Amino acid sequence: MRNLSFSTSFLLFTIIFHSCLHHEVASDDPLIGTNRETLEIIIGGGGEGEAPAPSPQNEDCPPPPPPEPECPPPPSPPPPPPPPPPPPPPPPPPPPSPSPPPPPPPPPPPPPPPPPPPCPYQTASGCFENARLAKAYNVIQKFRKKIRDDANSMEYTKTWKGTNVCKYKGFNCAKRPDVKEHAVAAVQFNGAKFAGRDGSLPLDDFINGLDDLAIFHANSNNFTGTVPSGVSKIKYLYELDLSNNNLLGDFPMEVLGAMNLTFLDLRFNSIKGVVPLEVFKLDLDVLFINNNNFEQRLPDNLGDTPVLYLTFANNYFTGKIPPSIGRAPNLLEVLFLNNQLTGCLPYEIGNLSQATVFDVGFNKLTGPIPHSFGCLKKIELLNLANNEFYGEIPEIVCQLSKLENFSLSNNYFTQAGPACRNLILKKKLYVRNNCILGLPSQRSKAECAAFFSKKLYCERKESFKWVPCMKGGYYSNSTEKSDQESTASVPSARTYSTLIPHRL
């Protein structure tokens, strides 16, 4: 509509304007006429015929007013919406954090490792700390070739590789005191159960090849032969344990030259013959020779030994217990059981004031119990069972305060006083199969009579009443409890464990 109104208005305006223009510029000038025709063509008045003559009324008329627009002008467009508020200014950036300090310079590279020190002792087998360890290596490798390979031995031999013999299982090293050099100081083979490839496993070229040894413990193996001669040259050897092996022959005299020896354990072998007198002059603490095949009288110098533990059990020793035993002041435990000892007990046994165990069971000993046994104030175990002892049981012995096990079974005792009967009730004194009237489980009258019908004889009979630790020297039944020491508890019997293989 808006476009139509505008076209109409324009047409009216053109008509009016044309009329006025025609009136004013009409002329005979041919140029003007030409121009008029041109104008008429321009404004659309024709071009081929003549235009109509203007009306005479229009000569002096003013130009017409502009036509009224048929439609009101369109409303002005609504104002544009207000611009959105500007976005809030962004928050100011945080102040720049202080820049971290520059990282420290990298540490300088470590210095190159020093070159390995020169080998102290080089051999064809490798590098060793010293000649002693090199020699020990050769001895051990030679011995290794003699051992039968089995699960037990390989627990040891699988570690016997390389030149560091101090890390081999069964070997320990220490500094030898006189030369201040590391050496193989100990062999610990207890319970290893080594056996030879051909049934033979001699000690030769092994123990005597390790001449820096202080300790050689090899019980419960299958070593054969005897102790090699070179052992006497091992300067610092002080413990030798070859118990529970298959050693044969006579007593190994080689040990007599080991002047620093303090521990000698040869039990549970098949060693025979005699024990040399020199053994009892060794400065030993322990002498275990039980469970062998020794056949001899007990040596008269038995009391010269300084040992603490003496076990002769389960052999074939004969004869009397020598009075010299009373000179062995250090004896703590004495085991003579299961031999073929005869004769009467010497009163000197009462001088063993430190003894806790005295066992002569299963022999052929006879006579009364010396009253001097009342001086054994630390005794805990006293075993005289399975012999031919007789007479009264001394009350002074039954009054010993430490006594816990007093065995007199299978003898021919005839009397037991109040103190002894009290021990029987407490089951500390065992008198089964004797000749004591009024007690159960005794021998028959005929058996007792047959025994006493024999001639019974003991030398030094007067000494059986002698009590060296008592004032006046003799014990009287009227005397109350003998002088007892109040001492701390003493250790329980140790040497009985030596009667079981693999134990000490």
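User: Buried means under 20% relative accessible area, exposed over 50%, and partly exposed in between (1.4 Å probe, protein chains only). As which of these does N410 count?

Analyst: This is a predicted model, in which local features need pLDDT of at least 70, side-chain atom pairs count only at pLDDT 80 or more, and totals for chains, interfaces and linings use all residues. Residues are numbered from 1 along each chain as its sequence is written, and side-chain values use heavy atoms, leaving out hydrogens and water. N410 lies in the loop between β21 (405-407) and β22 (412-416), strands being DSSP runs of E (at least two residues) and helices of H or I (at least four), numbered from the N terminus. Because its relative accessibility is 23%, N410 counts as partly exposed.

User: What is the phi of K427?

Analyst: K427 sits in the loop between α6 (418-425) and β23 (429-430), just after α6. With a relative accessible area of 64%, K427 is exposed. Although K427 is a residue other than glycine, its phi is positive, near 60°.

User: Within what arc do the buried residues of α6 fall, seen down its axis?

Analyst: The buried residues of α6 are A419, C420 and L423. Seen down the axis, they line one face of the helix because they fall within an arc (of directions from the helix axis to the C-beta atoms) of 100°.

User: Which exposed residues does the face of α6 turned away from its buried side carry?

Analyst: An α-helix has 3.6 residues a turn, so residues three or four places apart point the same way. In α6, the buried side is made up of A419, C420 and L423. The face turned away from that side carries the exposed residues P418 and L425.

User: How is the pair of W160 and F189 arranged?

Analyst: The whole structure has 29 aromatic pairs, meaning Phe, Tyr or Trp (six-membered) rings with centres within 6.5 Å, stacked if the planes are under 30 degrees apart, edge-to-face over 60 and tilted for the rest. W160 and F189 have ring centres 6.2 Å apart, and the two residues are 29 positions apart in the chain. Both are buried. Their planes lie at 25°, so the pair is stacked.

User: What is the angle between the planes of Y168 and F171?

Analyst: Y168 is buried at 2% relative accessibility, and F171 is buried with a relative accessible area of 2%. Both belong to one aromatic cluster, whose members include W160 and F189. Y168 and F171 pair edge-to-face at 6.5 Å centre to centre, with the planes at 70°.
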